[in-house]
Amino acid sequence: MTPEEFAALPTTTTIETAARALGLGRTRAYQLAREDRFPCKVIRIGATYRVVTADLHRLLAATEG
């Protein structure tokens, strides 16, 4: 994911997009979300998982510095 793509993310994003930003595979991301171990806040709406983009930004900023 390019920095431009990352900066353009909406308020919440799909778990697949968050996984790509974190360098995780899709299967592992869903496994972590189901186990409440995903490193960012995940909102479950029915069978859909959404990741709070602000948490994703904070996590990646913390790992950069």
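This is a predicted model: local features need pLDDT of at least 70, side-chain atom pairs count only at pLDDT 80 or more; totals for chains, interfaces and linings use all residues.
Start with the aromatic rings: searching the whole structure turns up one aromatic pair. To count, ring centres of Phe, Tyr or Trp (its six-membered ring) must lie within 6.5 Å, with planes under 30 degrees apart called stacked, over 60 edge-to-face and the rest tilted. Select Tyr 30 and Tyr 49 and you have the pair: edge-to-face, 5.6 Å centre to centre, with 70° between the planes. The two sit 19 residues apart and link distant parts of the chain, Tyr 30 being in helix H3 (residues 26-34) and Tyr 49 in strand E3 (residues 48-52).

Residues are numbered from 1 along each chain as its sequence is written, and side-chain values use heavy atoms, leaving out hydrogens and water.

Next, pick Thr 13, which lies in strand E1 (residues 12-14). Thr 13 is buried, at a relative accessible area of 5%. Show its contacts (heavy atoms within 4.5 Å): beyond neighbours within four places in sequence, Thr 13 touches Ala 18, Tyr 49, Arg 50, Val 51 and Thr 53.

Now jump to Asp 36, in the loop between H3 and strand E2 (42-45). Asp 36 isn't a glycine, yet has a positive phi of about 55°. Is this residue buried or exposed? Asp 36 counts as exposed, at 71% relative accessibility.

Finally, zoom out and switch to cartoon. You'll find four helices and three strands, in the order α-β-α-α-β-β-α from the N terminus. These are DSSP runs numbered from the N terminus: helices are H or I with at least four residues, strands are E with at least two. Along the principal axes, the C-alpha atoms fill a box of roughly 30 × 20 × 15 Å. Colour by burial, and 31% of the 65 residues count as buried. For contacts with a separation of 6 or more, 41% come from residues 24 or more positions apart.

Note on methods
Buried means under 20% relative accessible area, exposed over 50%, partly exposed in between (1.4 Å probe, protein chains only).
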